[in-house]
Amino acid sequence: MARPPGARERNFEAYVAGAAGRLLHAATLLTTEPPGRAPRAQALLTAALGTTYARWDRLRGEDPYDLTRRELAGRFARAAWRFHRPRGGVLSRLTPLERLVVVLRLYEGVAEEQTAALLGLPAERVRATCTRAVSVLRGTHGTGRVPGTREAAGAPHVVPGTRGDAPGAAPGTATAVRPAPGRGHTPGPDHPPGRGRPPGAGQAPETRGAP
Amino acid sequence: MSAYDRKEDEVRRMLDAPPRGQVPPDLLPRALDRGTRALHRARLLRRLLWLLLTASAVAFAVWASVAEPWHTPPAGVTPPFLGW
């Protein structure tokens with residue numbers, strides 16, 4: 001009776017030691033904070049890990065990493081309106097939903113159907129969002145330095161450059177590159193927790209927004 | 001590999017590119033604290049609900065034993081029929 005709590009804590013500690021780095025990176029990508037100090041990402045991750053710990057005894061063979069990731073994505077989606085403002089990270093130019101889809105699909109490698117189920121969106125919309133996010137990232141990223149990005153994972157030089165050069169200028173360039181009017185303010189198609197939005201309603205602005 | 005896969009790979013490299021932030025040392029204690037508090041809250045809620053259920057069951061039993069609602073109430077409307 002006295003031992004089980006200790007064993008649980010030790011298991012959880014080992015799990016956090018193994019997974020926290022990757023999860024924190026994902027959370028930092030979501031909140032678009034610079035890697036050095038990311039209080040919002042840390043708060044998100046702490047909350048998600050707390051929930052995981054609370055359910056640790058009732059996992060029943062479920063993957064704790066998957067649970068934490070779902071919790072993290074859910075918390076970010078529910079609080080997406082707080083994360084509209086870009087903070088200088090790699091994904092600053094994307095809307096919260098696009099960031100979520102990109103991080104889940106491309107960084108974490110979650111399958112399209114699972115992402116769709118997690119976000120409560122139709123799979124087509126997830127695919128469309130991902131495609132648009134990829135084109136946006138490559139479009140803004142590739143301006144002026146297409147050969148540089150092509151040749152490699154030498155991107156460490158490139159990406160911090162674009163990020164570090166002008167954190168203040170990032171929103172400006174974003175609006176210049178993507179002239180869709182009032183993107184950041186229209187809560188319509190960009191809010192992640194799509195509560196049963198019919199596919200057609202979501203698609204129309206998507207196609208209009210992507211020239 | 002299709003063109004789109006190549007683009008996705010490019011974006012994947014971009015996502016991996018930024019240096020990893022250091023995991024703060026107090027992340028684990030804070031998460032443990034939150035998780036423990038959530039557990040305690042859930043336990044307290046569960047206990048309260050059980051208590052409510054038990055109390056209502058006891059109250060019902062006491063009321064039923066006192067009121068005995070399964071007996072037909074004495075009919076008080078007909079006067080005693082005497083002297084026929």
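Residues are numbered from 1 along each chain as its sequence is written, and chains are lettered from A and ligands numbered from 1 in the order in which they are written. Since this is a predicted model, local features need pLDDT of at least 70 and side-chain atom pairs count only at pLDDT 80 or more, while totals for chains, interfaces and linings use all residues.

Let's start with confidence. pLDDT is the predictor's confidence in each residue, from 0 to 100. Chain A averages 73, with 64% of its residues scoring at least 70. Chain B averages 90, and there 99% of the residues score at least 70. For the model, ipTM is 0.74 and pTM is 0.66. Please keep one stretch in mind: over residues 141-211 of chain A, pLDDT stays under 50. The model still has 69 contacts beyond four places in sequence for that stretch, a contact being two residues whose C-beta atoms, placed from the backbone, lie within 7 Å. Where pLDDT is low, the predicted coordinates should not be read in detail.

Now the overall build. Helices are DSSP runs of H or I with at least four residues, strands are runs of E with at least two, and both are numbered from the N terminus. Chain A has 10 helices and 0 strands, while chain B has 2 helices and 0 strands. A residue is buried if 20 or more other C-beta atoms lie within 10 Å of its own, exposed if 12 or fewer, and partly exposed in between, with C-beta atoms placed from the backbone. By that count, 35% of the 211 residues of chain A are buried, and for the 84 residues of chain B the figure is 8%. As for contacts in chain A between residues at least 6 apart in sequence, 64% of them join residues at least 24 apart.

So what sits in the middle? A nonpolar core here is a set of buried Ala, Val, Leu, Ile, Met, Phe, Trp, Tyr and Cys residues joined through C-beta atoms within 7 Å. The largest one has 45 residues, and Ala27(A), Leu45(A), Phe76(A), Leu100(A) and Val102(A) have the most contacts inside it. Helices H1 to H6 of chain A and helix H1 (3-16) of chain B each supply at least two residues of this core. H1(A) gives the most, with 8 residues.

H2(A) has 16 residues and reaches 22 Å from its first C-alpha to its last, close to the 22 Å expected; the expected span is 1.5 Å times one less than the number of residues.

Next, H4(A). This helix is mostly covered, with 11 of its 12 residues buried. After H4(A) comes Gly109(A), with a positive phi near 70°.

How do the two chains meet? In this model, 35 residues of chain A are in contact with 24 residues of chain B. On the chain A side, H1, H2, H4, H6 and helix H8 (155-165) give two or more residues. That side divides into 22 nonpolar, 10 polar and 3 charged residues. Here Ala, Val, Leu, Ile, Met, Phe, Trp, Tyr, Cys and Pro count as nonpolar, Asp, Glu, Lys and Arg as charged, and the others, Gly among them, as polar.

On chain B, UniProt places a "transmembrane region" at residues 48-66, from an unreviewed entry; such annotations may be inferred rather than shown by experiment. Over those residues the chain is 100% helix and 0% strand, and the end C-alpha atoms are 27 Å apart.

Most residues other than glycine have a negative phi. Thr32(A) has a positive phi of about 55° although it is not a glycine, and Thr32(A) lies in the loop between H1 and H2 of chain A. Glu68(B) has a positive phi too, about 45°, and is found in the segment after helix H2 (27-67) of chain B. Buried or exposed, which is Thr32(A)? Thr32(A) is buried, because it has 24 C-beta neighbours inside 10 Å. Glu68(B) is exposed, with 9 other C-beta atoms within 10 Å.

Thanks, everyone!
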